[in-house]
Amino acid sequence: MKALARLLPPVFLLLVTAVTWAEPVTVQHMRVWRAPDHTRIVFDLSGPLEHRLFTLQDPHRIVVDMDNARLEEPLKDVDTGGPLLGAVRVGQPEEGPLRIVLDLKAETRPRSFVLTPAGPYGHRLVIDLHDVKSAEEEKSGPEEITRAPPPVQIRPAARERIVAIDAGHGGEDPGALGRRYRTREKDVTLAIARELARLVAREPGMRPVLIRDGDYYVGLKQRFEKARRLRADVFVSIHADAVPSRRAYGSSVYVLSEKGASNAMARLLADKENASDLIGGVSLNDKDDMLAQVLLDLSHNKTMQDSQGLAEDVLAELRGVGSVHMHRVAQAGFAVLKSPDIPSVLVETAFISNPSEEKKLRTPAFQQQLAGGIFRGIKRHLARSPVPSPIPVQATISGEPSREHVVRRGDTLASIARQYNIHVDALRFINDLWDADLPVGLRLRIPSRQEDG
């Protein structure tokens, strides 16, 4: 005991000294990414840190205090050409936290979080700025939606087939990198997605929706949620991945598997794609279990069958474009494919890790050929699918109250949802229905488009 007592003071002194002289965290870089609905600011850090964020008005600005931190070098000029960020100012007192002030052009709703190392990045502090005014306008809707239409406009409107096109990766997440030319997957996928959107837009009765149309990141869950909000008929996620072998080549098409990947390659690619949220800068601290509940929807089985059919059509057309890596549709647990009610496929257009395929992926001609093959596959699939019922104009542009549906013999949740052009899970949620049984005579509340969206 006496020996231990003699050791305690030096040990305590050593611990105090270590804390006192702890090396400060260095702020190495600052990057700004502009997305349609927010602006993302990313600080690269040498290690983890504590930070505080608060807002000020007149004028609008955000103050970020970083404890035990210092700038490695003066911040380079940042992009302030967007609608939110006006200027960046830095204060570094001799004692106290590093203070960074973001001067704003408009009132914003900020959200910040720290990310641990992932992919090519180390520790990062991420600040998302959401435009308060735009969010309120989106929530209330345009004037035309709240104003009741004249009676002469109450007539069925033609229903377009909506194709959701998802360009993989983006922003903080470059995706796979080519070995020879350092081609970024996010650039290739966006080019192919835009070409596919152009082909869809030219086809009568079809309309494209680009999940991202610029160099910014969209979380995996947000990608299929956006497609669902827009009531897409099909969802196609475009990629050009890499594997350790330089000899892997050709296109592949995947559908969701909730039981396990169909082969080792599928497991490898799914693991890499599902990690994109960590690399792209998405906080994983606020996710709930709603996705798991949605996946329990009985309509999901039908969606899986339709996804398989869509994938087979796309793969058949890609055979005419070039080599295919897998001659059958593969299955893997891609998070981006987990929409419960939209046929969804993921297309690996080619292997960017193969030098010859990387070279082809950089050319507009090959990008157009790939987009053409995917488009023809989508068209084949939609030609076999029943055309959705026309949507009454009044139901889509008026603020009508919720309606009721009395269950008749033969009704199912899926058939009722199709009749009113709403999602099955919305029908379940608003009526607190989680059983398959629908007794005849049961009165169901039918949400309006505003409630459903």
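Predicted model: local features only at pLDDT ≥ 70, side-chain atom pairs only at ≥ 80, totals over all residues.
## Getting started

## A charged patch on the surface

Let's begin on the outside. Arg179, Arg180, Arg246 and Lys359 come together on the surface as a patch of positive charge. One of them, arginine 179, sits in the loop that runs between strand S11 (161-167) and helix H4 (185-202). With a relative accessible area of 32%, arginine 179 is partly exposed.

## A strand tucked inside

What does S14 pair with? On the antiparallel side, 3 bridges join S14 to strand S16 (residues 344-348), and serine 252 stands opposite glutamate 348 there. Strand S15 (residues 330-332) runs parallel to S14, again with 3 bridges. In that pairing, leucine 256 has alanine 332 as its bridge partner.

## Salt bridges, inside and out

How many salt bridges does a search of the whole structure find? The count is 23. Among them is the one between the side chains of arginine 124 and glutamate 172, at 3.4 Å from N to O. Arginine 124 belongs to strand S9 (residues 123-131) and glutamate 172 to the loop between S11 and H4, so this pair ties together parts 48 residues apart in sequence. Are these two buried or exposed? Both arginine 124 and glutamate 172 are buried.

Next, look at aspartate 213 and arginine 194, whose closest N and O atoms are 2.7 Å apart in a salt bridge. Aspartate 213 is in the loop between strand S12 (206-210) and helix H5 (220-229), while arginine 194 is in helix H4, so the link spans parts 19 residues apart in sequence. Aspartate 213 is partly exposed at 42% relative accessibility, and arginine 194 is partly exposed too, at 41%.

Another salt bridge joins arginine 443 to glutamate 404, with 3.2 Å between the closest N and O atoms. Arginine 443 is part of strand S19 (residues 443-446) and glutamate 404 part of strand S18 (residues 403-406), so the pair connects parts that are 39 residues apart in sequence. Both arginine 443 and glutamate 404 are exposed.

Finally, some charged residues link up as a group: Asp313, Glu317, Arg376, Arg380 and Arg384 form a network of salt bridges.

Note on methods. Residues numbered from 1 in each chain as written. Heavy atoms only, no water. Pairing = 2+ DSSP bridges. Helix = DSSP H or I, 4+ residues; strand = E, 2+ residues; numbered from the N terminus. Patch = residues over 30% accessible without salt bridge, like charges linked within 9 Å, V, L, I, M, F, W, Y side chains within 5 Å. Areas by Shrake-Rupley, 256 points an atom, 1.4 Å probe, with all protein chains shown as cover. Salt bridge = Lys/Arg side-chain N within 4 Å of Asp/Glu carboxyl O. Lys, Arg positive; Asp, Glu negative; His and termini not counted. Charge placed at Lys NZ, Arg CZ, Asp CG, Glu CD. Buried < 20%, exposed > 50% of the residue type's maximum accessible area, 1.4 Å probe, protein only.
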